Structure formats: structure tokens, C-alpha cells
Amino acid sequence: MDLLIFQAPILIVQASMDGILLGILFALIAYGMALQWGVMNIINIAQGDLVILGGYIAYFMYLYGIHPAWGVIVSPIIMYFVGVGIYKLVINKVVDRDLFISILATFGISILFMQLMNFAFGADVVLAVSGYGTTMLFDNSVTLPNSKIFAAVISIIFAIGLVIYMKKSKLGRAIRATAQNARAAKILGVDTEKVYAATFGINAALCGVAGALISITFTLHPYMGLPYTIRSFMIVIVAGLGNLPGVAISGMGLGVFEEFADYILGTEFRIGSVFLLLVLILVYRRFKLAKKREYLK
Amino acid sequence: MKKIYKFALVLLSTIGLILGTTSTSFSKVEGDTIILGAAVSLTGKYSSNGVHTQNGYNMAVDRINSMGGVKVGGKTYKFDIIYYDDESNPKRAAQLAERLISQDGVEFMLGPYSSGLTKAMAPVTEKYGVPMVEANGASRSLFTKGYKYLFAVLAPANLYLDVAIRTAVELNGGKPVNIAMAFEQDAFSQDVRLGIVDAAEDTGSKIVIDDKLPKELNDMAATLAKVKAIKPDVLVVSGHTKGALTAIRQIAEMQVDVPMLAMTHCDAAKLSKQHGKNAQYALCASQWHKTLTYKDKWFKDGMTYDKDFTEMFGYAPPYQAAESSAALLVFKDAFERANSFDQKKVRDALAATDMQTFYGNIKFAPGGQNVSKPMVLFQVICDSSGKCENKVVAPLKWASAKLIHPVPKWSER
């Protein structure tokens with residue numbers, strides 16, 4: 001137990017800000033996962049690998065002298081087509097099957113992507129430098145990297161854009177209809193096959209944005225996708241399926257919780273405490289559901 | 001009936017004898033070639049360093065063969081290596097060790113890349129009594145298990161940053177210092193940590209932050225915020241290339257001022273190439289540096305090795321390549337002193353090794369680790385045009401530049 005954070009209260013501000021900025025970025029990845037989980041009932045284990053691939057696109061732009069921030073525009077465009085491609089090749093064969101099959105299939109895609117990226121880009125850890133500098137608050141005692149602020153702002157823009165798109169556009173309505181009842185949507189003339197492909201493409205595009213942001217805030221490595229998959233999975237579980245505002249809140253909440261766990265319990269309990277929280281939330285949910293069932297009886 | 005039984009027995013033992021003798025005379029030495037076995041990571045997450053390891057081995061094989069080979073029993077032999085790709089996977093590495101020994105009949109082995117994979121292979125080579133000289137497994141636990149056939153040309157992990165703490169104390173006028181540590185939770189980094197804990201105890205220094213970073217580490221902001229608040233004299237970071245890159249990025253972003261920053265894996269992370277001037281003043285532990293003045297007759301010295309390696313492979317050798325080349329020199333020396341291919345005799349000759357190579361002096365402790373080669377620290381130093389170079393600054397005996405201490409504050413850079 002470390003009480004440093006209470007002795008230096010300014011650290012509370014630092015921890016909260018770090019957690020929120022981290023959480024928003026993770027929430028964007030979770031957004032994509034929640035969307036396709038809700039629409040297609042597929043848990044995409046390759047989510048993190050799509051993120052990393054998106055990051056490499058920004059990294060290569062950086063290598064060729066283009067500012068990596070442009071990656072947030074280029075990367076999603078390329079990743080959309082990668083997503084549609086994966087759907088046409090693999091996912092369309094497992095989309096109506098049970099959840100276990102889709103987990104196996106996407107797990108396979110994940111392994112394939114890791115190996116291909118390793119083969120194509122090498123096993124070195126790489127990063128892109130944005131050169132954005134730092135925002136200093138409270139006389140330099142709270143520092144916020146501008147690249148992280150940029151990442152959070154872009155994430156929020158894309159998340160809001162997506163919500164509006166889902167509400168207003170024709171495809172958005174078709175996606176929502178398919179999520180509610182695929183069969184009924186089909187009968188009413190929605191081409192569900194196209195909707196599924198677009199959903200997977202949009203998810204991959206969101207991963208592309210997140211990847212480009214990660215290339216300028218953290219590091220990239222072909223095998224580093226899994227933590228992003230697990231994190232977004234957790235955020236979706238905590239938020240509940242189909243609850244898009246919930247995803248944003250649970251993303252930030254977990255981020256802040258994680259930072260505070262680091263200060264108070266120690267860095268070694270950082271990840272563990274997040275998992276503990278997940279277990280507690282699931283147990284609590286079970287109790288709540290059980291009560292509801294009793295009531296219905 | 002008895003006759004048939006006897007006949008069968010004779011037949012079987014003859015076959016056994018033939019198989020036995022042919023396989024031993026066939027496997028380790030084919031004609032005038034000594035065949036060594038090695039599993040290295042050519043794919044998977046260690047593939048960059050796996051390739052450095054393989055290049056280091058190949059370079060030494062070429063050099064030794066072209067300079068007359070190995071003389072055993074009045075006859076000259078050449079080296080050859082059977083390689084397998086262990087896919088950076090410990091289980092696969094153990095299987096391949098088994099395969100090299102029992103199917104390919106290899107009787108002498110070279111090590112893989114990384115402590116984890118060496119740990120997986122050592123029990124197998126030990127079981128078959130196959131001497132293994134390894135160059136890329138530094139974890140202390142490799143040398144405390146009582147392995148008799150494992151020899152490492154590199155200094156063990158606990159010594160990696162020991163010299164940084166001692167230098168900091170020295171610069172502090174012999175007075176103890178406050179140390180902040182951030183180490184990844186893996187065998188190697190935790191061994192480096194134990195070394196720091198020992199050095200702190202030895203010098204009476206105090207450990208004020210002791211963070212164990214998760215393996216999926218991508219954010220060190222919390223640790224660095226603590227460093228900012230507590231203001232230690234030294235910050236030590238070890239978390240492979242990812243840790244080194246993350247630390248430099250976030251130290252610069254958060255403008256963390258600390259008088260001394262010491263870390264591992266700067267070489268492999270290509271710190272100054274990826275971070276430019278932000279990496280400046282970082283102290284890095286290294287097994288070898290080209291400017292060290294060790295000499296031998298095969299590679300001459302570090303500078304020549306650097307030049308020849310660059311010519312052959314098109315990139316400057318990281319220390320992982322240099323130490324791998326040294327492993328072959330050790331084998332050659334041991335074969336010649338043993339004057340035999342008997343595994344026990346070669347093992348004993350290896351244990352008695354005491355030689356100088358371009359990479360450093362090599363002498364094995366009973367645990368198998370090399371105790372006669374110190375670690376060096378280099379500092380990333382950039383000129384005004386932004387070009388950065390690694391200069392050896394400690395220990396003083398090998399220093400080619402003066403250590404810049406304390407590190408200038410971010411506001412003054």
C-alpha cells in the first residue's frame with residue numbers, strides 16, 4: 001500500500017487525467033467491438049491485431065516523411081477494405097454459427113495477422129513521433145502529452161460521428177435493423193450480407209484510427225494486439241452489449257481505476273485489479289438478474 | 001531353441017554395436033566437419049535478435065574455417081551448424097533440442113536467443129550430457145540450477161545495471177543515493193532488478209520506487225509521475241525494447257527530470273534512431289561495445305569486427321551478434337585443449353576456459369556464467385546537428401567519453 005497519492009494530492013489530478021485520456025482511446029476500440037458484437041454476434045479476437053495493423057499504416061507514412069497524424073484519415077480507409085476483405089473471406093462463413101466457432105475463426109485470423117505482420121514489418125518495436133509537445137498545468141506538476149490529448153479528441157470525434165451516422169444514414173438504419181432482428185430486416189428488403197460486410201469494415205476502420213493514434217502515443221509490435229482485444233472486450237462486458245454511451249463511460253472508468261490502482265496498490269496490481277473489478281461487476285450483475293427473475297416469478 | 005535364442009542375441013548386439021558406433025562417428029564429426037546444433041528464433045517475436053544470433057554464429061564459423069579450422073588429434077576440422085527455427089517458442093525450442101540430439105545426432109550445441117528459450121533447452125542438453133555454449137541467455141536462474149553442461153559467454157543479468165548504481169554513488173561523493181526502479185515482470189528484468197537491490201544494499205542506498213511493470217506494458221505514466229513527485233537520484237528501467245522506447249517517449253513527454261537514467265536494451269531498441277535527441281543522456285547497459293580494446297587473433301578487435309560484420313551483413317553488429325561469435329571461439333578453444341570429441345572431456349575443457357576474445361575475457365564460474373567480463377555502460381550523446389552516438393562512459397577503464405552527470409533539466413535543453 002502506497003500513500004504517496006494522498007501526500008501529494010496533485011497526483012490525483014495527474015492520475016485522473018492520464019486515466020481518462022487512456023480510457024477514451026480504449027473506448028474507441030471497444031466501440032467497434034460492441035458494434036459488430038451487437039450486429040453480427042461475433043466476438044472478434046483479432047480486434048487488437050487490426051489495431052496494430054492500422055498503427056503500422058501510420059508508422060509507414062511517418063517513415064516516408066508524412067506526419068503520422070494523417071494516419072487517422074488514411075489508416076481507416078485502408079482498414080475498411082481490409083475489414084470487408086476479412087468478412088468476405090472468413091467471417092461470412094461463421095456469422096450465423098455459434099459463438100464458439102466465431103471465436104475460433106477470429107483467433108485464427110489473429111494468429112495469421114501476427115505472423116504476417118511479423119514477416120512483413122519485422123519483430124522490432126517501433127513508434128512514430130508526433131512532435132506535439134506537452135501541456136503543463138499547475139506549475140509543471142501535472143503534465144499531459146499533447147499527443148494523448150490529440151488521441152482523445154480524435155477518438156471522441158470519430159465516436160460521435162459514428163453515433164450520428166448510425167442514426168441518420170440509410171446504412172446506419174439498416175445496421176440497426178439487422179442488429180434488432182436480422183430475419184425481419186431481410187424480409188423487409190435489407191441486404192444483410194452487405195450490412196454485415198459494412199459493419200465489419202466500420203469496425204476495422206475504427207481499429208485503424210485507434211492504431212494510428214497508438215503509433216504516436218505508445219509503441220507498435222506485431223505481437224502486441226492481444227492486450228487491446230482483452231481490454232476492449234472488458235469494456236464491452238462492463239458496459240453491456242449495445243450500450244454505446246456505456247462503452248465510453250466504462251472505458252474512461254476502467255482507465256481511471258487502473259491509474260489509481262497503480263498508485264495505491266502498486267504497479268504489479270494494475271492489470272490484476274482491473275480484472276478483479278470485472279469479476280465483481282459480473283457477480284453483481286448475476287445477483288441483480290437473479291432478483292429480477294424471482295420478481296417475475 | 002537355445003541356439004536360435006543365442007543367435008538372435010548375437011545378431012541384435014551386432015546391429016546395436018554397428019548402429020552405436022556409426023551414429024557416434026557419423027554425427028558429431030562427418031569427415032572433417034564438426035557439426036554443431038542450434039535452434040534460433042528466425043520467426044516470431046524474437047526474430048530480429050534471433051537473426052543477429054545466427055549472423056554472429058555464421059560469421060565466426062566462416063572466420064574460423066578460413067583461418068585453418070579446429071585442430072584435434074593432429075587433424076584439421078571445420079565447423080558447420082545445423083539450424084532450426086524455434087519460432088520464439090520455448091516448447092518448440094525444447095522439442096528441437098531433443099530432435100537435434102536424438103535424431104540428428106548432434107553432440108555439441110549452441111544456445112538460442114533469450115533467457116526463456118535457453119531455460120527451455122538447458123534441461124534437455126543436460127539430460128543427454130551435451131555441452132552447450134550459449135551467448136544470449138543471461139537470466140541468473142540459468143546458473144543456479146547446478147547445470148554441468150551449460151556455459152554462457154555473457155555476464156549474468158544481475159550485473160547489467162549494477163555498475164550504474166556504483167557510478168551514481170561514486171559521483172555522489174561515496175554517499176548513498178535514492179533509487180527509483182521500474183522493471184517488467186519477466187525473468188530477465190527481474191534478475192536485473194535483483195542486481196540493483198544487491199547494489200543498493202551494498203552501498204547503503206535507498207530504493208524509493210519499486211514498480212513492477214505488467215508484461216503488456218504500454219504506459220508508464222503513473223511510474224513517471226511518482227518519479228516526478230519523489231525526485232530520486234537514479235531512475236533504472238528494464239523492460240526489453242518496448243520498455244526502453246516507452247520510457248524515453250514518456251520521460252520526454254512528461255518532462256521528467258532525473259539526474260541519472262539507466263536502462264537495458266537501448267541497442268536493440270535503436271533508441272537514438274527512433275527518438276533522436278530525446279534519447280540523449282540515457283545510460284545503457286551493454287555486454288559489448290566496438291570501442292572496447294579486447295583483442296584476439298580471429299577478429300582482431302571490436303572495431304575490426306564491426307567493420308567486417310557490416311561488410312558481410314549490411315548492418316552494424318549489435319552486442320547480440322558479437323557474443324554469439326564469441327561462443328564459437330570458446331568451442332574451438334575447448335576442442336583443441338580437450339584434443340578429443342569426447343563430450344565429457346570437451347565439457348571439462350570448457351569449464352577450464354580462460355581466454356581473451358575480441359568480445360571480452362571469458363572464464364566460467366562453476367554455475368557456467370562468465371565472470372571475467374564486466375558489463376559496460378554507454379551514454380547516448382548527440383551533437384548540435386542532432387546526430388547521436390553511443391559512447392562508453394563506465395567502467396572508467398574502458399571509457400571513451402566522460403559521463404555527463406547530472407542530466408540537464410528539460411527546461412534547459
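# Briefing: a two-chain predicted model

B:Lys300 is partly exposed, because 13 other C-beta atoms lie within 10 Å. (A residue is buried with 20 or more other C-beta atoms within 10 Å of its own, exposed with 12 or fewer, and partly exposed in between; C-beta atoms are placed from the backbone.) The model is predicted: local features need pLDDT of at least 70, side-chain atom pairs count only at pLDDT 80 or more, and totals for chains, interfaces and linings use all residues. Residues are numbered from 1 along each chain as its sequence is written, while chains are lettered from A and ligands numbered from 1 in the order in which they are written.

- Most residues other than glycine have a negative phi, and most peptide bonds are trans.
- B:Lys300 is not a glycine, yet its phi is positive, about 65°.
- B:Lys300 sits in strand β14 (residues 300–301) of chain B. (Helices, H or I of at least four residues, and strands, E of at least two, are DSSP runs numbered from the N terminus.)
- B:Lys231 is another residue other than glycine with a positive phi, near 55°.
- The loop between α7 (221–230) and β10 (234–238) of chain B holds B:Lys231.
- B:Lys231 has 13 C-beta neighbours inside 10 Å, so it counts as partly exposed.
- B:Ala394 and B:Pro395 are joined by a cis peptide bond, with omega about -5°.
- B:His405 and B:Pro406 are also joined by a cis peptide bond, with omega about -10°.
- B:Pro395 is in the segment after β18 (388–394) of chain B, and B:Pro406 is placed in the segment after β18 too.

**Domains of chain B**

- Chain B splits into domain 1 (25–155 + 291–363) and domain 2 (159–286 + 375–412). The bounds come from an automatic or database domain assignment.
- Taken over C-alpha atoms, the two domain centres are 31 Å apart.
- Contact involves 12 residues of domain 1 and 13 residues of domain 2. (Contact requires C-beta atoms, placed from the backbone, within 7 Å.)
- The domain 1 side of this contact has 5 nonpolar, 6 polar and 1 charged residues. (Nonpolar covers Ala, Val, Leu, Ile, Met, Phe, Trp, Tyr, Cys and Pro; charged covers Asp, Glu, Lys and Arg; the others, Gly among them, are polar.)

**Interface between chains A and B**

- The interface brings 30 residues of chain A into contact with 30 residues of chain B.
- On the chain A side, α2, β2 (142–145), α11 and α12 (270–296) each supply at least two residues.
- α2(A) gives the most, with 5 residues.
- The chain A side comprises 15 nonpolar, 9 polar and 6 charged residues.

**Helix packing in chain A**

- Helix α2 (residues 10–40) and helix α11 (residues 244–265) of chain A have axes that come within 6 Å and cross at roughly 140°. (Axes are lines fitted to C-alpha atoms, for helices over the stretch in contact; angles run from 0 to 180 degrees between N-to-C directions.)
- α2(A) and α11(A) are therefore oblique to each other. (Under 35 degrees is roughly parallel, over 145 roughly antiparallel, 65 to 115 roughly perpendicular, and the rest oblique.)
- The residues of this helix contact divide into 18 nonpolar, 6 polar and 3 charged.

**A:Phe121**

- A:Phe121 is placed in helix α5 (residues 99–121) of chain A.
- A:Phe121 counts as partly exposed because it has 17 C-beta neighbours inside 10 Å.
- A:Ser110 is 11 residues from A:Phe121 along the chain, and their C-alpha atoms are separated by 16 Å.
- Neighbours within four places in sequence aside, A:Phe121 is in contact with A:Tyr56 and A:Pro222.

Technical notes
Two residues are in contact if their C-beta atoms, placed from the backbone, lie within 7 Å.
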